[in-house]
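I opened this model to look up its ligand shell, its sheet and its helix packing, and I kept the entries below in that order.

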Amino acid sequence: MFHWRQLAMSLLLALALPAQAALEAGHPTVLITGANRGIGLEFVRQFAERGWNVIATARKPERADELNALAASHPRVVVEPLDVTDHPAIEALGRKYADQPIDILLSNAAITPRYKSAFKRVKGVDFDMARRSYEVNALGPLKMAQVFMPQVEASQQKKIIAMSSKAGSFALGPKMPMMYSYRASKAALNMLMYTLSFETAKKGVTVTLLSPGTVNTTPGFKMPQGISPEESVRKMLKVIDSITPANNGQFLNYENGEVIPW
Ligand SMILES: NC(=O)c1ccc[n+]([C@@H]2O[C@H](COP(=O)([O-])OP(=O)(O)OC[C@H]3O[C@@H](n4cnc5c(N)ncnc54)[C@H](OP(=O)(O)O)[C@@H]3O)[C@@H](O)[C@H]2O)c1
(Lines give C-alpha, C1' and ligand atoms only; values in the text may rest on other atoms or scores of the structure.)
Protein backbone atom coordinates (compact mmCIF):
# COMPACT_ATOMS: atom_id res chain seq x y z
CA MET A 1 0.00 0.00 0.00
CA PHE A 2 1.19 3.53 -0.80
CA HIS A 3 2.06 5.66 2.27
CA TRP A 4 2.11 9.43 1.84
CA ARG A 5 3.87 9.80 5.18
CA GLN A 6 6.72 7.53 4.06
CA LEU A 7 7.01 9.44 0.80
CA ALA A 8 7.15 12.74 2.67
CA MET A 9 9.85 11.38 5.00
CA SER A 10 11.94 10.13 2.06
CA LEU A 11 11.62 13.51 0.36
CA LEU A 12 12.68 15.30 3.55
CA LEU A 13 15.67 12.98 3.91
CA ALA A 14 16.61 13.46 0.28
CA LEU A 15 16.50 17.22 0.79
CA ALA A 16 18.62 16.94 3.95
CA LEU A 17 21.30 14.67 2.48
CA PRO A 18 22.96 16.99 -0.03
CA ALA A 19 23.52 19.50 2.79
CA GLN A 20 25.43 16.91 4.79
CA ALA A 21 27.38 15.81 1.77
CA ALA A 22 28.39 19.38 1.03
CA LEU A 23 31.44 19.36 3.29
CA GLU A 24 34.43 18.35 1.22
CA ALA A 25 37.68 16.75 2.35
CA GLY A 26 40.73 18.81 1.43
CA HIS A 27 39.09 22.11 2.43
CA PRO A 28 39.48 23.63 5.90
CA THR A 29 36.33 23.72 8.03
CA VAL A 30 34.86 26.37 10.32
CA LEU A 31 31.85 25.98 12.62
CA ILE A 32 30.10 29.29 13.39
CA THR A 33 27.33 29.85 15.94
CA GLY A 34 24.74 32.61 15.55
CA ALA A 35 25.33 32.60 11.80
CA ASN A 36 21.97 33.92 10.63
CA ARG A 37 22.65 37.64 11.03
CA GLY A 38 25.18 40.31 11.94
CA ILE A 39 28.84 39.41 12.32
CA GLY A 40 28.14 35.65 12.24
CA LEU A 41 26.43 35.88 8.84
CA GLU A 42 29.33 37.97 7.48
CA PHE A 43 31.81 35.36 8.74
CA VAL A 44 29.87 32.74 6.77
CA ARG A 45 29.99 34.91 3.66
CA GLN A 46 33.73 35.56 3.83
CA PHE A 47 34.73 32.00 4.77
CA ALA A 48 32.48 30.69 1.97
CA GLU A 49 34.15 33.05 -0.50
CA ARG A 50 37.48 31.57 0.55
CA GLY A 51 36.13 28.12 -0.36
CA TRP A 52 36.01 26.78 3.20
CA ASN A 53 33.61 24.16 4.48
CA VAL A 54 31.24 26.13 6.72
CA ILE A 55 28.96 24.60 9.33
CA ALA A 56 26.71 27.58 9.99
CA THR A 57 24.38 27.24 12.96
CA ALA A 58 21.27 29.27 13.69
CA ARG A 59 18.47 29.00 16.23
CA LYS A 60 15.80 29.09 13.52
CA PRO A 61 17.22 28.10 10.14
CA GLU A 62 13.73 28.18 8.62
CA ARG A 63 13.74 31.97 9.13
CA ALA A 64 17.39 32.52 8.14
CA ASP A 65 16.72 33.71 4.59
CA GLU A 66 20.10 35.39 3.96
CA LEU A 67 22.01 32.43 5.38
CA ASN A 68 19.97 29.96 3.33
CA ALA A 69 20.60 32.03 0.20
CA LEU A 70 24.36 31.89 0.93
CA ALA A 71 24.17 28.13 1.41
CA ALA A 72 22.27 27.78 -1.87
CA SER A 73 25.01 29.63 -3.76
CA HIS A 74 28.01 28.09 -1.94
CA PRO A 75 28.05 24.30 -2.07
CA ARG A 76 30.24 23.84 1.00
CA VAL A 77 28.01 25.82 3.40
CA VAL A 78 25.81 23.62 5.59
CA VAL A 79 23.14 25.12 7.83
CA GLU A 80 22.34 23.42 11.15
CA PRO A 81 19.80 24.35 13.83
CA LEU A 82 21.39 25.16 17.19
CA ASP A 83 20.52 27.08 20.33
CA VAL A 84 23.75 27.28 22.33
CA THR A 85 21.87 26.94 25.63
CA ASP A 86 20.55 23.53 24.53
CA HIS A 87 23.37 21.26 25.70
CA PRO A 88 21.81 17.98 24.47
CA ALA A 89 21.47 19.62 21.01
CA ILE A 90 25.17 20.63 21.08
CA GLU A 91 26.08 17.05 22.00
CA ALA A 92 23.89 15.69 19.18
CA LEU A 93 25.58 18.03 16.69
CA GLY A 94 28.94 16.87 18.03
CA ARG A 95 27.94 13.25 17.36
CA LYS A 96 26.71 14.15 13.86
CA TYR A 97 30.10 15.67 13.01
CA ALA A 98 32.20 13.25 15.08
CA ASP A 99 34.46 12.42 12.13
CA GLN A 100 34.71 15.95 10.75
CA PRO A 101 37.93 17.81 11.60
CA ILE A 102 37.07 21.41 12.53
CA ASP A 103 39.92 23.87 11.95
CA ILE A 104 38.15 26.81 13.60
CA LEU A 105 35.42 26.59 16.20
CA LEU A 106 34.01 30.11 16.16
CA SER A 107 31.64 30.93 19.02
CA ASN A 108 29.93 34.09 17.86
CA ALA A 109 26.35 33.79 19.17
CA ALA A 110 25.47 36.12 21.99
CA ILE A 111 22.73 38.12 23.59
CA THR A 112 23.82 41.63 22.69
CA PRO A 113 22.51 44.76 24.47
CA ARG A 114 19.59 46.59 22.97
CA TYR A 115 20.31 50.29 22.78
CA LYS A 116 17.34 51.34 24.92
CA SER A 117 18.33 49.07 27.81
CA ALA A 118 22.13 49.48 27.49
CA PHE A 119 22.25 52.57 29.69
CA LYS A 120 20.02 51.29 32.51
CA ARG A 121 21.42 51.89 36.00
CA VAL A 122 21.50 49.27 38.76
CA LYS A 123 17.79 49.83 39.53
CA GLY A 124 16.95 48.69 36.05
CA VAL A 125 19.01 45.49 35.98
CA ASP A 126 16.94 42.58 34.65
CA PHE A 127 18.20 39.55 36.56
CA ASP A 128 16.56 37.02 34.24
CA MET A 129 18.39 38.66 31.35
CA ALA A 130 21.64 38.61 33.37
CA ARG A 131 21.29 34.84 33.97
CA ARG A 132 20.39 34.24 30.34
CA SER A 133 23.33 36.35 29.12
CA TYR A 134 25.68 34.20 31.20
CA GLU A 135 24.09 31.02 29.77
CA VAL A 136 24.40 32.17 26.15
CA ASN A 137 27.51 34.37 26.11
CA ALA A 138 29.77 32.53 28.55
CA LEU A 139 28.57 28.95 29.06
CA GLY A 140 27.53 28.49 25.40
CA PRO A 141 31.11 28.85 24.06
CA LEU A 142 32.44 26.66 26.90
CA LYS A 143 29.97 23.87 26.08
CA MET A 144 30.81 24.17 22.37
CA ALA A 145 34.51 23.82 23.22
CA GLN A 146 33.87 20.85 25.50
CA VAL A 147 31.90 18.97 22.81
CA PHE A 148 33.94 19.88 19.72
CA MET A 149 37.44 19.63 21.21
CA PRO A 150 38.18 16.23 19.54
CA GLN A 151 37.21 17.59 16.10
CA VAL A 152 39.40 20.68 16.61
CA GLU A 153 42.29 18.50 17.79
CA ALA A 154 41.90 16.37 14.65
CA SER A 155 42.18 19.41 12.34
CA GLN A 156 45.15 21.22 10.79
CA GLN A 157 44.66 24.70 12.28
CA LYS A 158 43.31 23.74 15.74
CA LYS A 159 41.80 27.12 16.68
CA ILE A 160 39.02 27.87 19.15
CA ILE A 161 37.85 31.47 18.84
CA ALA A 162 35.22 33.24 20.90
CA MET A 163 33.79 36.65 20.10
CA SER A 164 34.26 38.81 23.15
CA SER A 165 33.94 42.55 23.58
CA LYS A 166 36.01 45.41 24.94
CA ALA A 167 32.93 46.08 27.09
CA GLY A 168 34.00 43.00 29.11
CA SER A 169 37.50 44.37 29.76
CA PHE A 170 38.18 45.95 33.18
CA ALA A 171 40.97 47.97 31.61
CA LEU A 172 39.29 49.23 28.42
CA GLY A 173 35.54 48.92 29.04
CA PRO A 174 33.50 52.12 29.38
CA LYS A 175 34.02 53.83 32.73
CA MET A 176 30.26 54.17 33.09
CA PRO A 177 27.45 52.27 34.81
CA MET A 178 26.02 50.53 31.75
CA MET A 179 25.36 47.09 30.20
CA TYR A 180 25.71 45.23 33.51
CA SER A 181 24.62 41.81 32.22
CA TYR A 182 26.48 41.95 28.93
CA ARG A 183 29.77 43.20 30.39
CA ALA A 184 29.73 40.60 33.16
CA SER A 185 28.93 37.79 30.69
CA LYS A 186 31.84 38.79 28.44
CA ALA A 187 34.23 39.11 31.40
CA ALA A 188 33.12 35.60 32.41
CA LEU A 189 33.65 34.36 28.85
CA ASN A 190 37.18 35.81 28.91
CA MET A 191 37.98 33.98 32.14
CA LEU A 192 36.47 30.68 30.93
CA MET A 193 38.47 30.74 27.67
CA TYR A 194 41.64 31.88 29.48
CA THR A 195 41.26 28.95 31.87
CA LEU A 196 40.56 26.56 29.00
CA SER A 197 43.76 27.66 27.28
CA PHE A 198 45.83 25.96 30.00
CA GLU A 199 44.47 22.56 29.05
CA THR A 200 44.43 23.03 25.28
CA ALA A 201 48.11 24.03 25.11
CA LYS A 202 49.11 20.38 25.59
CA LYS A 203 46.87 19.39 22.68
CA GLY A 204 48.24 22.01 20.29
CA VAL A 205 44.87 23.81 20.29
CA THR A 206 44.98 27.62 20.44
CA VAL A 207 42.16 29.41 22.26
CA THR A 208 41.73 33.10 21.44
CA LEU A 209 39.18 35.80 22.21
CA LEU A 210 38.48 38.52 19.65
CA SER A 211 37.04 42.01 19.88
CA PRO A 212 35.26 42.86 16.59
CA GLY A 213 35.27 46.63 17.16
CA THR A 214 32.07 48.66 17.21
CA VAL A 215 30.03 47.12 14.42
CA ASN A 216 26.72 48.27 12.99
CA THR A 217 24.63 45.12 13.10
CA THR A 218 21.28 46.47 14.26
CA PRO A 219 19.04 46.96 11.22
CA GLY A 220 17.97 50.57 10.86
CA PHE A 221 20.40 51.89 13.47
CA LYS A 222 23.92 53.25 12.86
CA MET A 223 26.41 54.14 15.56
CA PRO A 224 28.46 57.09 14.25
CA GLN A 225 31.75 55.43 15.22
CA GLY A 226 30.58 52.02 13.99
CA ILE A 227 32.09 50.02 11.13
CA SER A 228 30.37 47.59 8.79
CA PRO A 229 30.29 43.82 9.45
CA GLU A 230 32.22 43.45 6.16
CA GLU A 231 35.13 45.58 7.43
CA SER A 232 35.15 44.04 10.91
CA VAL A 233 35.18 40.46 9.59
CA ARG A 234 37.72 41.20 6.84
CA LYS A 235 40.11 42.54 9.47
CA MET A 236 39.36 39.75 11.94
CA LEU A 237 40.11 37.14 9.26
CA LYS A 238 43.59 38.65 8.88
CA VAL A 239 44.08 38.37 12.63
CA ILE A 240 42.69 34.81 12.67
CA ASP A 241 45.09 33.84 9.86
CA SER A 242 47.99 35.16 11.90
CA ILE A 243 47.10 33.38 15.15
CA THR A 244 49.80 30.97 16.34
CA PRO A 245 50.10 28.88 19.54
CA ALA A 246 51.88 31.90 21.07
CA ASN A 247 48.43 33.60 21.14
CA ASN A 248 46.89 30.85 23.27
CA GLY A 249 44.78 32.43 26.04
CA GLN A 250 44.94 35.96 24.62
CA PHE A 251 42.26 38.56 23.88
CA LEU A 252 43.01 40.25 20.52
CA ASN A 253 41.82 43.38 18.78
CA TYR A 254 40.18 43.02 15.35
CA GLU A 255 42.22 45.69 13.67
CA ASN A 256 45.81 44.73 14.23
CA GLY A 257 45.79 41.66 16.47
CA GLU A 258 47.08 43.71 19.42
CA VAL A 259 46.56 42.10 22.83
CA ILE A 260 43.68 43.70 24.77
CA PRO A 261 44.27 43.88 28.52
CA TRP A 262 41.71 42.03 30.66
N1 LIG B 1 28.21 44.52 17.04
C2 LIG B 1 29.15 45.00 17.87
O3 LIG B 1 29.43 46.22 17.90
C4 LIG B 1 29.88 44.07 18.79
C5 LIG B 1 30.85 44.64 19.65
C6 LIG B 1 31.56 43.80 20.50
C7 LIG B 1 31.32 42.43 20.49
N8 LIG B 1 30.37 41.90 19.66
C9 LIG B 1 30.17 40.44 19.72
O10 LIG B 1 30.20 39.90 18.40
C11 LIG B 1 29.28 38.80 18.29
C12 LIG B 1 28.28 39.06 17.17
O13 LIG B 1 27.66 40.31 17.42
P14 LIG B 1 26.49 40.88 16.50
O15 LIG B 1 26.50 42.35 16.62
O16 LIG B 1 26.55 40.24 15.15
O17 LIG B 1 25.21 40.32 17.30
P18 LIG B 1 23.67 40.24 16.83
O19 LIG B 1 23.45 40.98 15.56
O20 LIG B 1 22.86 40.61 18.04
O21 LIG B 1 23.48 38.67 16.53
C22 LIG B 1 23.56 37.77 17.58
C23 LIG B 1 23.52 36.36 17.02
O24 LIG B 1 23.53 35.45 18.13
C25 LIG B 1 22.42 34.58 18.00
N26 LIG B 1 21.94 34.06 19.27
C27 LIG B 1 21.43 34.75 20.33
N28 LIG B 1 21.08 33.88 21.29
C29 LIG B 1 21.38 32.63 20.85
C30 LIG B 1 21.27 31.33 21.39
N31 LIG B 1 20.74 31.10 22.60
N32 LIG B 1 21.70 30.28 20.64
C33 LIG B 1 22.23 30.48 19.41
N34 LIG B 1 22.35 31.67 18.83
C35 LIG B 1 21.94 32.75 19.55
C36 LIG B 1 21.35 35.41 17.29
O37 LIG B 1 20.36 34.54 16.76
P38 LIG B 1 18.79 35.00 16.64
O39 LIG B 1 18.69 35.75 15.34
O40 LIG B 1 18.06 33.71 16.65
O41 LIG B 1 18.50 35.87 17.83
C42 LIG B 1 22.21 36.08 16.23
O43 LIG B 1 22.48 35.19 15.19
C44 LIG B 1 28.62 38.67 19.67
O45 LIG B 1 29.33 37.74 20.45
C46 LIG B 1 28.79 40.07 20.26
O47 LIG B 1 28.77 40.08 21.67
C48 LIG B 1 29.64 42.70 18.83
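Which helix gives the most to the shell around the ligand? I found that helix α2 (residues 38–49) does, with 3 residues. Before going on, I noted that this is a predicted model, in which local features need pLDDT of at least 70 and side-chain atom pairs count only at pLDDT 80 or more, while totals for chains, interfaces and linings use all residues. I also noted that residues are numbered from 1 along each chain as its sequence is written.

**Ligand shell.** I listed 24 residues around the ligand, the closest being Gly-34, Gly-38, Ala-109, Ala-110 and Thr-217; a residue is near a molecule or strand if its C-beta atom, placed from the backbone, lies within 6 Å of it. Sorted by class, this shell holds 9 nonpolar, 11 polar and 4 charged residues, where Ala, Val, Leu, Ile, Met, Phe, Trp, Tyr, Cys and Pro count as nonpolar, Asp, Glu, Lys and Arg as charged, and the others, Gly among them, as polar. Helices (H or I, at least four residues) and strands (E, at least two) are DSSP runs, numbered from the N terminus.

**Sheet.** I traced an open sheet of 7 strands with parallel pairing, in the order β3-β2-β1-β4-β5-β6-β7; two strands pair if DSSP finds at least two bridges between them. At its edges I found β3 (77–81) and β7 (250–253), each of which pairs on one side only. From one strand to the next the twist averages 20°. I then looked at strand β1 (residues 29–32), which is joined by 3 bridges to strand β4 (residues 104–107) and runs parallel to that strand; Val-30 stands opposite Ile-104 in β4.

**α2 with α8.** I next asked how α2 packs on helix α8 (residues 229–242), and found an angle of about 60° with the axes 9 Å apart. Axes are lines fitted to C-alpha atoms, for helices over the stretch in contact, and angles run from 0 to 180 degrees between N-to-C directions. The two helices α2 and α8 are therefore oblique to each other, given that angles under 35 degrees count as roughly parallel, over 145 as roughly antiparallel, 65 to 115 as roughly perpendicular and the rest as oblique. On the α2 side of the contact I listed Gly-38, Ile-39, Glu-42, Phe-43 and Gln-46, which meet Pro-229, Glu-230, Ser-232, Val-233, Arg-234 and Leu-237 in α8; residues are in contact if their C-beta atoms, placed from the backbone, lie within 7 Å. By class, the residues of this contact divide into 5 nonpolar, 3 polar and 3 charged.

**α2 with α3.** I found α2 packed against helix α3 (residues 65–73) at about 10°, with their axes 10 Å apart, and α2 and α3 are therefore roughly parallel to each other. Leu-41, Val-44, Arg-45 and Ala-48 of α2 make this contact with Glu-66, Leu-67 and Leu-70 of α3, a set that divides into 5 nonpolar, no polar and 2 charged residues.

Note on methods:
Two residues are in contact if their C-beta atoms, placed from the backbone, lie within 7 Å.
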